[in-house]
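Here is a short briefing on one protein chain. Keep the sequence and the 3D view side by side as you read.

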Amino acid sequence: PRDEIRIKDDESQNRRVHESFIRISSRFYPPHPNSDHLFRFSPFLSPYLFLCVFASLREIFLFFFLSFLFSASLRETSFERFSMPQPTIVVLDGFTLNPGDLSWEGLHALGSCTVYDRSAPDEVFARAREAEILLTNKTVLDRAAILSLPRLRYIGVMATGHNVVDGAAARERGIPVTNVPVYGTNSVAQMTFALLLELARGVGHHARTVREGRWSASPDFCYWDTPLVELDGLTLGVVGYGRIGREVARLARAFNMRTVAYTLSAREPEPGVEFVPLDDLFRESDVVSLHCPLTPESQRMVDARRLALMKPSAFLLNTARGPLVNGHDLAEALNSGRIAGAAVDVLPVEPPPADDPLIGARNCIVTPHIAWATLAARKRLMDTVVRNVTAFLRDAPENVVN
C-alpha cells in the first residue's frame with residue numbers, strides 16, 4: 001500500500017509539473033486545440049515541447065550573443081574614434097578640390113574643421129593661427145608662415161606637387177608635410193591625349209567653324225585649316241617616367257606610336273620603351289610630353305636651346321608644371337614656325353596674367369589646369385587627404401615628403 005501511495009504521489013507530482021510546464025509553454029505557443037489529449041499523452045510529448053522551448057532559447061541566446069559581439073565592435077570603433085585627439089583642422093583653399101560635388105565629412109569626423117574656399121596671403125595667419133592640422137592646395141606656406149603658427153603640428157598638401165610648402169622650415173619644427181602621390185594618373189594621361197588629338201586633328205577648331213557657318217557656305221563637301229596628322233608610327237618622347245609617364249606610354253602603344261623616355265632614376269629595360277638622353281629625346285620625337293616634377297634642376301628645362309633641337313613638325317605637351325617651360329622661348333618658337341604646335345594645361349603663374357606669351361601664341365592650346373580635376377580623381381584625392389590626417393593622428397604618418 002505504501003508503494004501504491006508513493007506511486008500515486010509521484011503521478012500527482014508529475015501531473016502538477018506537466019500542468020506548470022504546459023502553462024509556461026502556452027505563453028510561447030498557442031494552446032493546442034485538444035489540450036486534454038495533449039495532457040493525456042504529455043509523457044510522450046514533453047520531450048517535443050522541451051525541444052521547442054530549447055530551440056527558442058537557443059535562438060534567443062544566439063541573437064543576444066551576436067548582438068553582444070556587434071555592440072562590442074561598435075564600442076571598439078567608437079572608443080578608437082573618440083579616444084583619438086580631436087584637433088583643430090583648417091583647410092585654406094578647398095574650393096578647387098570640392099566645389100560642392102564632394103563632402104568634407106571625413107575631416108569633420110576627425111576634429112573641429114573649418115574650410116575656406118580660398119585664402120589670400122595676408123589672410124593665412126589669421127585663419128591658421130589656431131590650427132593644429134593645416135591643409136593647402138596652392139596657398140603658399142613659406143618659412144615665415146610656418147614659424148608664426150604656434151599650434152601647428154601637421155601640414156597636408158592636397159595635391160601631388162608640394163613646392164608651395166617650405167618643407168625644410170616645417171622639418172625644423174618637427175612638423176611632417178604630406179602629399180597625395182597617387183590619385184590622378186589616369187585622368188592626366190587621358191588629358192595628355194586629349195590635347196595631342198586636338199593638335200593632330202583640330203576637332204574643337206573645326207567644330208567651331210561649322211557653328212560659325214563655314215561648312216554651310218563651303219563650295220566643297222569638306223575643308224580643313226591645319227594639317228591633319230595621323231599618330232600611327234610617330235615617336236612619342238616622355239620626359240619623366242613615373243606613374244603618369246608610364247600610363248601615357250601605355251596609351252601611346254594603343255596608337256601604335258614608338259615611345260622613347262627620359263628619367264633621372266635608373267630603369268630596367270622595358271618592352272616597347274627606349275630610354276635615351278634628354279637632348280636625344282627632343283631630337284627624335286614627333287611629340288614631346290612633360291611628366292616630371294618641378295625641381296631647381298628641371299625649372300625652365302624647355303628653353304630656346306632644346307626647342308631648337310625639335311623637328312619643325314613636332315608638338316610639345318605640358319600637363320606637369322608650368323615653370324618647366326620658358327614661356328617666352330616657347331611662344332617665339334611657335335610664332336616663328338620653329339615647331340608645329342603646343343598644348344599646355346599649366347602655366348608658370350596661375351591664374352596667368354592676361355599678357356602671358358602663350359595665350360594667343362600661334363597654334364598653342366592653353367587649358368586652365370584641369371587635367372587632374374575629374375570627379376573620380378578628386379574623390380580619390382579627398383579620400384587620401386582624410387587617410388593622411390588619420391594616419392598622423394595615430395602616430396603613423398603616411399606620404400611624408402619632408
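**The sheet and its helix**

Strand 1 (residues 88-91) and strand 2 run parallel, joined by four bridges. The model is a predicted one. Start with the sheet, then move on to the backbone and the rings.

- Thr88 stands opposite Ser112, a residue of strand 2.
- Strands of a sheet pair through backbone hydrogen bonds, either parallel or antiparallel.

**Backbone features**

- The peptide bond from Glu350 to Pro351 is cis. Its omega is near -5°.
- Pro351 sits in the loop between strand 11 (341-344) and strand 12 (364-366).
- Arg300 is not a glycine, yet its phi is positive, near 55°. Look for Arg300 in the loop between strand 9 (287-290) and helix 13 (304-309).
- Asp395 also has a positive phi, about 60°, although it is not a glycine. Asp395 belongs to the segment after helix 15.
- Is Asp395 buried or exposed? Its relative accessibility is 72%, so Asp395 counts as exposed, the cut-off being over 50%.

**Aromatic rings**

- The count of aromatic pairs is three.
- One of them is Tyr154 with Phe392. The ring centres are 4.9 Å apart and the planes are at 35°, so this pair is tilted.
- What does this pair tie together? Tyr154 lies in strand 4 and Phe392 in helix 15, so the pair joins parts that are 238 residues apart in sequence.
- Tyr154 is buried, because its relative accessible area is 0%. Phe392 is buried too, with 11%.
- Phe193 and Phe255 form a stacked pair. Their centres are 5.1 Å apart, with 5° between the planes.
- Phe193 is in helix 8 (residues 185-201). Phe255 is in the loop between helix 11 (243-254) and strand 7 (258-262). The two are 62 residues apart, and the pair links distant parts of the chain.
- Phe193 counts as buried at 5% relative accessibility, whereas Phe255 is partly exposed at 32%.

**A charge over a ring**

- Arg118 lies over the face of Phe95, at 5.0 Å from the ring centre.

Key: Residues numbered from 1 in each chain as written. Predicted model: local features only at pLDDT ≥ 70, side-chain atom pairs only at ≥ 80, totals over all residues. Heavy atoms only, no water. Pairing = 2+ DSSP bridges. Buried < 20%, exposed > 50% of the residue type's maximum accessible area, 1.4 Å probe, protein only. Phe/Tyr/Trp six-rings, centres within 6.5 Å; stacked < 30°, edge-to-face > 60°. Lys NZ or Arg CZ within 6 Å of the ring centre and 35° of its normal.
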